[in-house]
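Visitor: Please pick a single part of this chain and take me through it slowly, then show me how the rest is put together around it.

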Amino acid sequence: MFAVSSQPIKLTPIEYFAWEEQQLCRHEYINGEVYAMSGGTQNHSRIGLKFGALLDSHLSNGNCRVFNADCRVKIVETNDYTYPDVSVSCDRRDKTTTQYITYPCLIVEVLSDSTEGYDRGNKFFRYRQNPQLQDYVLVSSQEIAIDLYRKTENGRWEIINYRAGDIVELQSVNLSFPIEQVYRGIDFSEVSVEPTTPEQ
C-alpha cells in the first residue's frame with residue numbers, strides 16, 4: 001500500500017499510538033512522522049488474504065502466529081512501526097505486546113506500482129535489522145510472480161524468483177506450495193480505475 005506523509009508535527013511513539021486510535025485509516029510511523037496508508041486494489045487485497053489464509057492453515061497447530069495488514073511491526077532498535085500485508089511471528093517475546101510485534105520470521109508485501117521501489121529498498125532495509133527475519137516475500141498483484149529474499153546461514157540475503165509453474169519454498173515456516181495457490185481466482189485482465197472526486 002502507498003504511504004503519504006500526513007502529519008508535519010513529529011510525534012513520540014506514545015503520542016502516535018494515541019493519535020492513530022482516533023484516525024479512520026492506518027498510519028506507518030517513521031522517524032517521528034506518520035504516513036497514511038492508502039487503500040489497495042481488489043487484487044492486492046485478495047492476494048494478501050489468500051497468502052495469510054495459506055500460512056494460517058499451515059501453522060494453526062503450532063506456536064507461530066499469522067497477522068494481517070492490521071498488525072504493526074516494530075523495527076528492531078528503533079521506534080519505527082510499519083504495516084506489512086502479512087507477517088508471521090514464532091517468537092515468545094511477541095506474545096507480550098498487544099499493539100505490535102517486533103520479531104517476525106516472515107514478512108509478506110503485496111506489490112503495487114506506487115510501493116514497489118519502497119518495498120524493495122528502504123522498507124526492506126528496515127526489516128533486515130530484525131535478526132529473526134528469515135524470509136521477505138514480495139508478491140506481484142499484476143502477474144503470477146513472487147520474489148523471495150531469503151537469509152542464508154552466513155547472514156547474507158539471496159533472492160529467488162518464482163514464476164508460473166514453480167513451487168514456492170518458505171524455509172522460515174517449513175512450507176512449500178504451488179505459486180498458483182495464492183493467485184487462484186485472480187483476474188489480471190481487470191483494469192484498475194482510479195476513483196474520481198464527485199463534482200460539487
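Guide: Let's start with Glu20, which sits in helix 1. Keep in mind that this is a predicted model: local features need pLDDT of at least 70, side-chain atom pairs count only at pLDDT 80 or more, and totals for chains, interfaces and linings use all residues. Residues are numbered from 1 along each chain as its sequence is written, and side-chain values use heavy atoms, with hydrogens and water left out. Helices (H or I, at least four residues) and strands (E, at least two) are DSSP runs, numbered from the N terminus.

Glu20 is buried, at a relative accessible area of 7%. Here, buried means under 20% relative accessible area, exposed means over 50%, and partly exposed lies in between (1.4 Å probe, protein chains only). The Glu20 side chain has two polar contacts to talk about: one of 2.4 Å to the side chain of Arg72, and one of 2.9 Å to the side chain of Tyr83. A polar contact is a pair of N or O atoms within 3.5 Å; within protein, one must be able to donate a hydrogen and the other to accept it, and residues adjacent in sequence count only if both atoms are side-chain atoms. Setting aside neighbours within four places in sequence, Glu20 also touches Cys25, Arg26 and His27 besides Arg72 and Tyr83, where contact means heavy atoms within 4.5 Å.

Now zoom out to the helix. Helix 1 spans residues 13-20, and its buried residues are Tyr16, Phe17 and Glu20. They cover an arc of only 95° around the axis, so they lie on the same side of helix 1; that arc is taken over the directions from the helix axis to the C-beta atoms. What do these buried residues pack against? Their partners are strand 2 (27-30), strand 3, strand 5 (72-74), strand 6 (81-82) and strand 8 (100-101).

Elsewhere in the chain there's an open sheet of 6 strands, ordered 4-7-9-10-11-12, with mixed pairing. Strand 4 (65-67) and strand 12 (157-163) are at the edges with a single partner strand each, so one side of each has no neighbour in the sheet. Strands count as paired if DSSP finds at least two bridges between them.

Within that sheet, have a look at strand 11 (residues 145-151), which pairs antiparallel with strand 10 (residues 135-139) over 5 bridges. A hairpin of 5 residues links strand 10 to strand 11. Across this pair, Val139 stands opposite Ile146, and Leu138 has Asp147 as its bridge partner. Strand 11 also pairs antiparallel with strand 12, over 7 bridges, with Leu148 facing Ile160.

As for the whole chain, the secondary structure comes to 4 helices and 14 strands. Of its 200 residues, 44% count as buried. The C-alpha atoms fill a box of roughly 45 × 45 × 30 Å along the principal axes.
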